[in-house]
Amino acid sequence: MKMFTKSGEWLEKFGSHYRVGLSRENVDALGEITFIELPKIGALAGGESPSAVLEAVKAATDFYSPIIGRIISVNTLLSQTPGLMNSSPEDEAWILEIASEDEFLGTLLDEKAWRTWMTDL
Amino acid sequence: MAVDEVLTESLARPGGRPFFRLYAWEPACLSLGRFQNPIAGLYDGILEQVPSVRRPTGGGAIWHSDELTYSLGFPSGFFGNSDVKSTYEKICGFLVETWKELGWVALFAKDSGITGQAFGSVTPACFAGKEAYDILVEGKKLGGNAQRRDRHIIFQHGSIPLSLDWPSMVALFLPAALPNVQQITSLLDLGYVGSRADLQSALSNNLSRILGIDLEPDTLTPHELSLAKEREQLKFSDRDWTLRGAGHLRS
């Protein structure tokens, strides 16, 4: 089940690891994504440092992992087709896969709660 | 760029203050977007022939010659929960108002009613791009603006061309990458006859008014100055950084 942070990142457990990405709302707010700088496999995710950088037409913006752990995979499709972020941000355009001891950062909302919360903003 | 980076870092610390800078370029210089691949759209070897720097913001290259450049940094929370487009529109409001005060029709491209054109293209030359939030003055794109956002800070800078150096742009950009001369403009082309100081004053006053802030003249602290010089030498003057950025570039 996908969970969302209040700042718009999502995470979903796949077996022993998590996939993380950016919500549809956050991607729409950025506009057309033109490039994604992905981290190295093996790097630590979570904490104060961004894990990736997204370039949109008007802004370069940092992506912060909503979970602390080690990056075990990056979505290389995004390097070739950054527009996938706009067309499928919560499915095909996952950004990282992370091995974690369930160290979540911040409050997590299920999808319904997230979308309700966004609507109420 | 080094000064902006240091000021942004200062802003992110407890007690950090938002900033607004206005500056010019000497000598003229080519700036690349953060992820721009210099082989796309520029003549081969051009970076070895002209001063160049890589920006922290995205987008395409700009030849900075006769222009006024602004940069500013605010805490993310200053604009509430505003997204990129909303903050961009709020911040750029000071530009639009300044151009209106000078008697020109100024608006964002998205409000211009222009049809039949696709917004959102990324181009090797910044001024050649067509984006919904481009500022059109008398129907033509005036300058370019871009943001860099992290968890805490919104940084934005922009180029305001006082005049356009077409001979240099033709020498820098491949023909297919050149902006369309019919679609961009400068203050000179618009008939601006005021001084640079008048322009700076108008921009500052409008920023202050529109964002509801008081601007106070200030200078870099000795520590900031020292850091900026170090950053300039070790990063922004480093050829490898300028040519390759952090190692990942748009193809």
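Two strands pair if DSSP finds at least two bridges between them. Helices (H or I, at least four residues) and strands (E, at least two) are themselves DSSP runs, numbered from the N terminus. What you have here is a predicted model, where local features need pLDDT of at least 70, side-chain atom pairs count only at pLDDT 80 or more, and totals for chains, interfaces and linings use all residues. Residues are numbered from 1 along each chain as its sequence is written, with chains lettered from A and ligands numbered from 1 in the order in which they are written.

**Exercise 1. Describe how H1(B) passes H6(B).**

Step 1: get the geometry. The axes (lines fitted to C-alpha atoms, for helices over the stretch in contact, with angles from 0 to 180 degrees between N-to-C directions) of H1 (residues 2–12) and H6 (residues 222–236) of chain B come within 8 Å and cross at roughly 130 degrees.
Step 2: classify it. Angles under 35 degrees count as roughly parallel, over 145 as roughly antiparallel, 65 to 115 as roughly perpendicular and the rest as oblique; H1(B) and H6(B) are therefore oblique to each other.
Step 3: list who touches whom, counting a contact when C-beta atoms, placed from the backbone, lie within 7 Å. On H1(B), the residues include Val3(B) and Val6(B); on H6(B), Leu227(B) and Phe236(B) are among them.
Step 4: sort the contact residues, which gives 6 nonpolar, 1 polar and 4 charged. Ala, Val, Leu, Ile, Met, Phe, Trp, Tyr, Cys and Pro count as nonpolar, Asp, Glu, Lys and Arg as charged, and the others, Gly among them, as polar.

**Exercise 2. Work out what chain A brings to its contact with chain B.**

Step 1: count. 18 residues of chain A contact 22 residues of chain B.
Step 2: find the biggest contributor on the chain A side; E7(A) gives the largest share, 4 residues.
Step 3: sort that side, and you get 10 nonpolar, 3 polar and 5 charged.
Step 4: follow E7(A) across to chain B, where 3 bridges join E7(A) to the parallel strand E9 (residues 144–149). Thr61(A) faces Arg149(B) in E9(B).

Conventions: Left-handed = near helix turned anticlockwise from the far one by under 90°. Contact = placed C-beta atoms within 7 Å.
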